[in-house]
Amino acid sequence: MPCNLDDFVVGEPLGEGSFGTVSRCTLNGVPYAMKAIVKASVEKQKHGAKQVMTEKQALLRLADPRPHPSIVQLHFTFRDDEHLYFVLELASGGELSETIDRL
């Protein structure tokens, strides 16, 4: 199991949120999406830590059994001094909000 950023080859950014960025990455040639959450940004928000933990717990609950192929899977989590990292299944279809806006 990977335990730090050096285990991954990090590529181009895919998106940005209120707590950090999501970038394409690979581990042993397998593509993933890596969400890098800036700890300082989380700490600035009143309920930031709760939001991040709620997201992680929801992803963990959805991992087994997989409820639907359209729900991305959380594969790894780790942290360093400045970031929390969620390594997710790479979804090539773009952001859900953009898909909804096109409907």
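Two strands are taken to pair if DSSP finds at least two bridges between them. In the predicted model, β1 and β2 meet this criterion with five bridges, running in the antiparallel sense. Within β2, T26 is the bridge partner of V9. The pairing of β1 with β2 forms part of an open sheet of five strands, arranged in the order β1-β2-β3-β5-β4 with antiparallel pairing. Because β1 (9-16) and β4 each have a single partner strand, they stand at the edges, and one side of each is left without a neighbour in the sheet. From one strand to the next, the twist averages 25°. Helix α2 packs on the sheet through contacts with β3, β4 and β5, and its direction makes about 30° with that of β5.

The nonpolar residues were examined next. In soluble globular proteins, nonpolar side chains tend to be buried together. The largest nonpolar core comprises ten residues, namely F8, C25, L27, Y32, M34, A36, F76, F78, Y85 and V87. At least two residues of this core are supplied by each of β2 (20-27), β3 (30-38), β4 and β5 (83-89), and β3 provides the largest share, with three residues. A second, separate core contains eight residues, among them I37, V52, L74 and F86.

A disulfide is a covalent bond between the sulfur atoms of two cysteines. With a cut-off of 2.5 Å between cysteine sulfur atoms, the model contains zero disulfides. C3 is in no disulfide, the nearest cysteine sulfur being that of C25, 14 Å away. For C25, the closest cysteine sulfur is likewise that of C3, and the distance of 14 Å is too far for a bond. The two residues also fall into separate accessibility classes: C3 counts as exposed because its relative accessibility is 52%, above the 50% limit, whereas C25 counts as buried because its value is 1%, under the limit of 20%.

Finally, V72 was examined in the loop between α2 (48-61) and β4 (74-79). With a relative accessible area of 28%, V72 is partly exposed, since this class lies between the buried limit of 20% and the exposed limit of 50%. Not counting residues up to four places away in sequence, V72 touches L59, E89 and A91. V72 and V10 lie 62 residues apart in sequence, and their C-alpha atoms are 19 Å apart in space.

Key:
Residues numbered from 1 in each chain as written. Predicted model: local features only at pLDDT ≥ 70, side-chain atom pairs only at ≥ 80, totals over all residues. Heavy atoms only, no water. Helix = DSSP H or I, 4+ residues; strand = E, 2+ residues; numbered from the N terminus. Buried < 20%, exposed > 50% of the residue type's maximum accessible area, 1.4 Å probe, protein only. Contact = heavy atoms within 4.5 Å. Core = buried A, V, L, I, M, F, W, Y, C linked by side-chain atoms within 4.5 Å. Axes fitted to C-alpha atoms, helices over the stretch in contact; angles between N-to-C directions.
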